[in-house]
Every structure is written in C-alpha cells, then in structure tokens.
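Please look over the sequence and the model below before reading on. The paragraphs that follow lead from a metal site to the strands and the loops beside them.

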Amino acid sequence: MSEKHLRRKGQGETERPICNNKRCINYQHDLLRSYIRKNEKFKPNGWECPDCKFKMWD
Ligand SMILES: [Zn+2]
C-alpha cells in the first residue's frame, strides 16, 4: 500500500482498507472490521469485504 493515497481524517483515526476485487460491487469501498471469537471475547483480526468476503489481515 502506498502512503500517498492515505486520506487524513484527523482524530488519529486509522485509514480503512478498501476492496480490491474488481468484480465486487463493493470494489474500492471500505472494508468492515472483522473479528474472531477467542476465549469468549471478540478480537479484531483484520478487515473484510461485506460482499465478496475479501479478507485483509492485520
Ligand atoms: Zn469486495
């Protein structure tokens, strides 16, 4: 990922990755935070596209 495409949103918010599956209707839109359940707790482990399930691990 190149840094020059990062948008500044302020407040220390981290940049959200986008879907890079060209066949996906969610292409170039934000991915959603995905979690795994571990010891009865939900732990964020990456980002996932709600449409094509493209997964980007942390
Ligand atoms: Zn997608």
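Predicted model: local features only at pLDDT ≥ 70, side-chain atom pairs only at ≥ 80, totals over all residues.

Cys 52, by contrast, counts as partly exposed because its relative accessibility is 27%. Residues are numbered from 1 along each chain as its sequence is written, and local features need pLDDT of at least 70, while side-chain atom pairs count only at pLDDT 80 or more and totals for chains, interfaces and linings use all residues. Side-chain values use heavy atoms, with hydrogens and water left out.

Both cysteines belong to the zinc site, where the protein donors are the SG atoms of Cys 19, Cys 24, Cys 49 and Cys 52, lying 2.2 to 2.4 Å from the ion (donors are N, O and S atoms within 2.8 Å of the metal, or 3.2 Å for Na, K and Ca; water is not among the atoms, so sites may look incomplete). Along the chain these donors follow the spacing C-x4-C-x24-C-x2-C. The arrangement is tetrahedral because the four donor atoms subtend angles of 103 to 118 degrees around the zinc ion, and four donors count as tetrahedral if all angles lie between 85 and 135 degrees.

Seven bridges join S1 to S2, and the two run antiparallel; strands pair if DSSP finds at least two bridges between them. In this pairing Lys 38 stands opposite Lys 41 in S2. The two strands form a hairpin with two residues between them, and Asn 39 in the turn has a positive phi of about 50 degrees. Glu 40 lies in the loop between S1 and strand S2 (41-48), and although Glu 40 is not a glycine, it has a positive phi of about 65 degrees. Glu 40 is exposed, because its relative accessible area is 63%.

Within strand S1 (residues 32-38) is Ser 34, which is buried because its relative accessible area is 8%. Its side chain is joined to that of Lys 55 by a polar contact of 2.4 Å (a pair of N or O atoms within 3.5 Å; within protein, one must be able to donate a hydrogen and the other to accept it, and residues adjacent in sequence count only if both atoms are side-chain atoms).

Technical notes. Tetrahedral: all angles 85-135°; square planar, octahedral: opposite > 155°, others 65-115°. Buried < 20%, exposed > 50% of the residue type's maximum accessible area, 1.4 Å probe, protein only. Helix = DSSP H or I, 4+ residues; strand = E, 2+ residues; numbered from the N terminus.
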